[in-house]
Amino acid sequence: MKLKWTEEQLRLLQKNRFGFSSEKTNPDQLELFNEVENEANPDLPEPTLESITYQRRRKVRGNVN
């Protein structure tokens, strides 16, 4: 009898901790992620992308005698 009660208590605690209620978010917090979109000026042109190129130098092997 006590084992069943303990298992039920464990199941309820896990449901409270990991259940759907722990996944709820405050709708006001979602606005934090829209800060860039809210502050952006759509009339400004997009920045140009620069392409950086370089060539690697080959290692110079020493003379092996």
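Below, each term is set against its rule.

This is a predicted model, where local features need pLDDT of at least 70, side-chain atom pairs count only at pLDDT 80 or more, and totals for chains, interfaces and linings use all residues. Residues are numbered from 1 along each chain as its sequence is written, and side-chain values use heavy atoms, with hydrogens and water left out.

Q: Why is Phe33 called exposed?
A: Exposed means over 50% relative accessible area, buried under 20%, and partly exposed in between (1.4 Å probe, protein chains only). Phe33 has 69%, so it counts as exposed. You will find Phe33 in the loop between α1 (2-18) and α2 (35-39); helices (H or I, at least four residues) and strands (E, at least two) are DSSP runs, numbered from the N terminus.

Q: What makes Thr53 exposed?
A: Its relative accessibility is 66%, so Thr53 passes the cut-off for exposed. Thr53 sits in the segment after α2, and its C-alpha atom is 42 Å from that of Gln29, 24 residues away along the chain.

Q: Why are Glu8 and Arg11 said to form a salt bridge?
A: The rule asks for a side-chain nitrogen of Lys or Arg within 4 Å of a carboxyl oxygen of Asp or Glu. In Glu8 and Arg11 the closest N and O atoms are 2.6 Å apart, so the pair meets the rule. Both residues lie in helix α1, 3 residues apart, about one turn of the helix. By this rule the count comes to 1 salt bridge.

Q: Why are Glu8 and Arg11 called partly exposed?
A: Glu8 has a relative accessible area of 33% and Arg11 has 44%, so each falls in the in-between class.

Q: How do you know how the chain compares with a compact globule?
A: The radius of gyration is taken over C-alpha atoms, and the globule rule is 2.2 Å times the number of residues to the power 0.38. For 65 residues a compact globule would be near 11 Å, but the chain has 30 Å. The C-alpha atoms fill a box of roughly 85 × 60 × 10 Å, taken along the principal axes.

Q: How much of the chain is buried?
A: Buried residues make up 2% of the 65 residues.
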